Amino acid sequence: MKKSNVPSADILNCLANLSSDEVFTSPELANKMLDLLPQELFSNPNTTFFDPCCKSGVFLREISKRLIKGLGTEIPDLQQRINHIMNKQVFGIALTKLTAEMGRRTLYCAKKANGKYSVATCFNNEQGNLRYMRCNHTWENGKCVCCGANSAQYDRTDANENYAYPFIHKNLNEIFNNMQFDVIIGNPPYQMSDGGNNASAMPIYHHFVRQAKKLNPHYLIMITPSRWFAGGRGLDEYRNEMLNDNRIEKIVDFADSQDCFPAVIIGGGVSYFLWNKNYNGLCTVVNMTKEEAITSKRSLKEFPVFVRSNKAINIIHKVVSSKSLSNEVLPSNPFGFRTYVRGESQKTEGCVALINSEGIGYIKRVDVEKNTDAIDKYNVILTRAMSGGNKPGADGKYQIIPNTITIMSKGEICAETYICIGKFNKKDEANNLMSYLKTKFCRFFMLQAMTSIMINKDAFRFVPLQDFSHPWTDEMLYKKYGLEEKEINFIESMIKPME
């Protein structure tokens, strides 16, 4: 029978292409992450590797394959080599009981590490070095002090998975006694539901990164959402830590998550980083798209947020000034009325108009407690949700702000649904601000400060403040800041025209 030249399908590739709440890593991606490491690590019989958030076991499998090849001369006997690698070099903690069994099948080729069909013959227990133990959350005021989980959502009986991940809920010495790991690598869970409306969720991946750093490995590689670059709920402190950590040697960033995980849409994209304990310098930043990889070596702490685009950095340097449009943007929920507030249907004396997502209602002026000085001004308002989401359209361009941008007249306020900018005495000034917001120039600089679908005050941090005694066009702005043709073309290639 003639042997087929068609390679056999890898089940881990199939898992990685499933659209699921769990984001599985493909073997191809795992190997690209492993390529960041010094390859001599895989020829050293003393190097230890650890995945603290095992899902499919792909990282440990691909590490083991490299070690089997790299230690061929050091340990010639194949079975002896496999036993050494499995017993002394590769370790993991699974996220759940199910992923523990899945990971062992991947790593040991058997559900039980000491089973009949296991490739390792060195274990006397079922878990081997890929372990899972059920943990409990530590509740305080309805929240877990370790991960922030909501007790109403995750305080469950032993019969149900409670998502108290061992790596961040357990002392590692209780799992692997006094182990020191040279390399920690993984793809942690990204978020947990917080029990709020519309399936709202809070990030959790930063807990895994922080815990891994505490173990002081020589190298740390993790792939996470990129929202921490400029936004993300509860990530301000984490972002500051990362941007000021000179040990981050490389960041590989995918603005479109589907360029990395084809079947999964992750708002703000994803990225993986190499943290090197002995490194202290600039970070190599790689912008990945289907078409190209753009590389730059630069400081992460140049700005309060991380500007992901290497091409945008020089343009920001030309334009950024001490006076930003963000100073003219009212904080979120500018007048103190939540999205669901509708107001009264009829206007009565002493009322102001409340613009909400369903139209206009009326609120007593005395009930307005925030930004009362803006009530009798002209303001530009736009919805907080980024137009088109934070993915480019089919043409590869972003719109950022909606076509429904409008002017709020004197005597009008808005609900939390809207961003409010201006506080002008003259309507013409508000019109001129609106012309500026519609320019590609303005929206390009908004994009550089955003990784979330929501527009807030900080989204305007790189947008320079202008004189609004006259309207603005892109041509005027390009000339004012002396932008070169290639810089103009880059802006034009990124941003859609507006109606």
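Does lysine 370, at 33% relative accessibility, count as buried, partly exposed or exposed, and why? In this predicted model, lysine 370 counts as partly exposed because its relative accessibility is 33%, and the buried class ends under 20% while the exposed class begins over 50%. Lysine 370 is located in the loop that joins β15 (359-364) to β16. Leaving aside residues up to four places away in sequence, lysine 370 touches Ser332, Asn333, Pro334, Phe335 and Gly336. The C-alpha atom of glycine 336 is separated from that of lysine 370 by 5.9 Å, although the two residues are 34 apart along the chain.

The protein as a whole has 499 residues, of which 52% count as buried. Its chain contains 14 helices and 19 strands. The C-alpha trace spans about 85 × 55 × 50 Å along the principal axes. Among contacts between residues at least 6 apart in sequence, 69% join residues at least 24 apart.

One of the residues touched by lysine 370 is Asn333. Asparagine 333 belongs to the loop between α10 and β14 (351-356). Its phi is positive, at about 55°, although asparagine 333 is not a glycine. Asparagine 333 counts as buried because its relative accessible area is 12%. A positive phi is also found at isoleucine 400, with a value of about 75°, and this residue is not a glycine either. Isoleucine 400 is part of the loop between β16 and β17. With a relative accessibility of 0%, isoleucine 400 is classed as buried.

Helix packing was examined for two pairs. Two packed helices are described by the angle between their axes and the distance between the axes. For helix α10 (residues 310-319) and helix α14 (residues 485-494), the angle is about 115° and the axes are 11 Å apart. The angle therefore makes α10 roughly perpendicular to α14. The crossing of α10 past α14 is left-handed. On the α10 side, the contact is made by Lys311, Ala312, Ile315 and Lys318, and on the α14 side by Glu487, Phe490 and Ile491. Four of these contact residues are nonpolar, three are charged and none is polar.

In the second pair, helix α2 (residues 27-34) packs on helix α3 (residues 58-70) at an angle of about 60°, with an axis separation of 9 Å. This angle makes α2 oblique to α3. The crossing of these two helices, α2 and α3, is right-handed. Helix α2 contributes Pro27, Ala30, Asn31, Met33 and Leu34 to the contact, and α3 contributes Val58, Phe59, Arg61, Glu62, Ile63 and Arg66. The contact of α2 with α3 comprises seven nonpolar residues, one polar residue and three charged residues.

Aromatic side chains form 25 pairs in the model. One of them joins tyrosine 205 and tyrosine 238 in an edge-to-face arrangement, with the ring centres 6.4 Å apart and 80° between the planes. This pair links distant parts of the chain, since tyrosine 205 is in helix α8 (residues 205-214) and tyrosine 238 is in helix α9 (residues 236-243), 33 residues apart. Both tyrosine 205 and tyrosine 238 are buried. Elsewhere in the list of aromatic residues, one cluster is formed by Phe50, Phe91, Tyr154, Tyr163, Tyr165, Phe167, Phe176, Phe181 and Phe208.

Helix α11 (residues 427-437) has as its buried residues Ala430, Asn432, Leu433, Met434, Ser435, Tyr436 and Leu437. Valine 463 is in the loop between α12 and α13. Valine 463 counts as buried because its relative accessibility is 1%. Between valine 463 and leucine 447, which are 16 residues apart along the chain, the C-alpha separation is 9.8 Å.

Methods: Residues are numbered from 1 along each chain as its sequence is written. This is a predicted model: local features need pLDDT of at least 70, side-chain atom pairs count only at pLDDT 80 or more; totals for chains, interfaces and linings use all residues. Side-chain values use heavy atoms; hydrogens and water are left out. Axes are lines fitted to C-alpha atoms, for helices over the stretch in contact, and angles run from 0 to 180 degrees between N-to-C directions. Helices (H or I, at least four residues) and strands (E, at least two) are DSSP runs, numbered from the N terminus. Angles under 35 degrees count as roughly parallel, over 145 as roughly antiparallel, 65 to 115 as roughly perpendicular and the rest as oblique. A crossing is left-handed if the near helix is turned anticlockwise from the far one by less than a right angle, and right-handed if clockwise. Contact means heavy atoms within 4.5 Å. Ala, Val, Leu, Ile, Met, Phe, Trp, Tyr, Cys and Pro count as nonpolar, Asp, Glu, Lys and Arg as charged, and the others, Gly among them, as polar. Rings of Phe, Tyr and Trp (its six-membered ring) pair if their centres lie within 6.5 Å; planes under 30 degrees apart count as stacked, over 60 as edge-to-face and the rest as tilted. Buried means under 20% relative accessible area, exposed over 50%, partly exposed in between (1.4 Å probe, protein chains only).
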